[in-house]
Each structure stands twice: as structure tokens, then as C-alpha cells.
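Hi,

Here is the structure I promised to pass on. Please have it open while you read; my notes follow below.

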Amino acid sequence: MHIDWAALGQVFGVSLVVTVGLVGLFTVGIVGTSRKPAAEGDAAATTAPGTGARAGALAAYGLCAAAVAYGIYLIVAA
């Protein structure tokens with residue numbers, strides 16, 4: 001039995017980079033949509049996300065969904 005260590009290392013490296021990237025992208029989406037509106041007179045509360053932040057979060061969610069769909073396509077097509 002012969003193990004191609006170079007190929008195994010490449011698969012590990014690509015899997016690690018894609019996983020960290022996808023989790024980071026999903027985190028950007030969560031942060032963009034998770035802020036609650038400030039209560040009346042509460043200066044310490046966070047403000048609601050603006051239109052740009054919400055659009056960026058939705059774009060991040062869309063990219064995550066596209067990456068997952070592409071992964072499923074790669075698995076099913078084989």
C-alpha cells in the first residue's frame with residue numbers, strides 16, 4: 001500500500017482554508033444582522049445595522065449558500 005503524502009497534504013490544506021473561510025464568512029453575516037436597535041434613552045446599547053451592513057450580511061449568507069451548493073454538486077456529480 002502506497003500513500004501519496006503530497007496529495008493528502010494538499011487535500012488537508014485546501015479543506016482547512018475553505019473551512020476557515022466559510023466559517024469566517026458566515027460569522028460576518030451573523031455580526032451584520034445581530035445588532036439590536038437601541039432602546040429609547042439607552043446610550044450604551046448598540047445601534048441597528050444600516051442598509052449597507054444588512055446588504056453585506058445578506059451577501060455573505062448568499063456566498064455561504066453558494067459554497068455549500070457547489071460542494072453538494074461536487075459530491076453528487078461524482
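Ser 34 lies in the loop between helix 1 and helix 2. Helices here are DSSP runs (H or I, at least four residues; strands are E, at least two), numbered from the N terminus. Ser 34 counts as partly exposed, at 46% relative accessibility. The cut-offs: buried is under 20% relative accessible area, exposed is over 50%, and partly exposed is in between (1.4 Å probe, protein chains only). Ser 34 is 20 residues from Arg 54 in sequence, and their C-alpha atoms are 9.6 Å apart.

A word on the source. This is a predicted model, where local features need pLDDT of at least 70, side-chain atom pairs count only at pLDDT 80 or more, and totals for chains, interfaces and linings use all residues. Residues are numbered from 1 along each chain as its sequence is written, and side-chain values use heavy atoms, with hydrogens and water left out.

Now the overall picture. The protein has two helices and zero strands. It has 78 residues, of which 8% count as buried. Take the contacts (heavy atoms within 4.5 Å) with a separation of 6 or more: 53% of them are between residues 24 or more positions apart.

Next, the helix pair. Helix 1 covers residues 5-33 and helix 2 covers residues 51-77; their axes come within 8 Å and cross at roughly 150 degrees. Axes are lines fitted to C-alpha atoms, for helices over the stretch in contact, and angles run from 0 to 180 degrees between N-to-C directions. That crossing angle makes the two helices roughly antiparallel, a label for angles over 145 degrees. From helix 1, the contact includes Leu 22, Leu 25, Phe 26 and Val 28; from helix 2, it includes Ala 57, Ala 60, Tyr 61 and Cys 64. By type, the contact residues are 13 nonpolar, three polar and one charged. Nonpolar covers Ala, Val, Leu, Ile, Met, Phe, Trp, Tyr, Cys and Pro; charged covers Asp, Glu, Lys and Arg; the others, Gly among them, are polar.

Which residues of helix 2 are buried? They are Ala 57, Ala 60 and Cys 64. These buried residues pack against helix 1.

Last, Val 28. This residue lies in helix 1. Val 28 is partly exposed, with a relative accessible area of 49%. Val 28 and Ala 59 are 31 residues apart in sequence, yet 9.8 Å apart in space, C-alpha to C-alpha.

Best wishes

Note on methods. Parallel < 35°, antiparallel > 145°, perpendicular 65-115°, else oblique.
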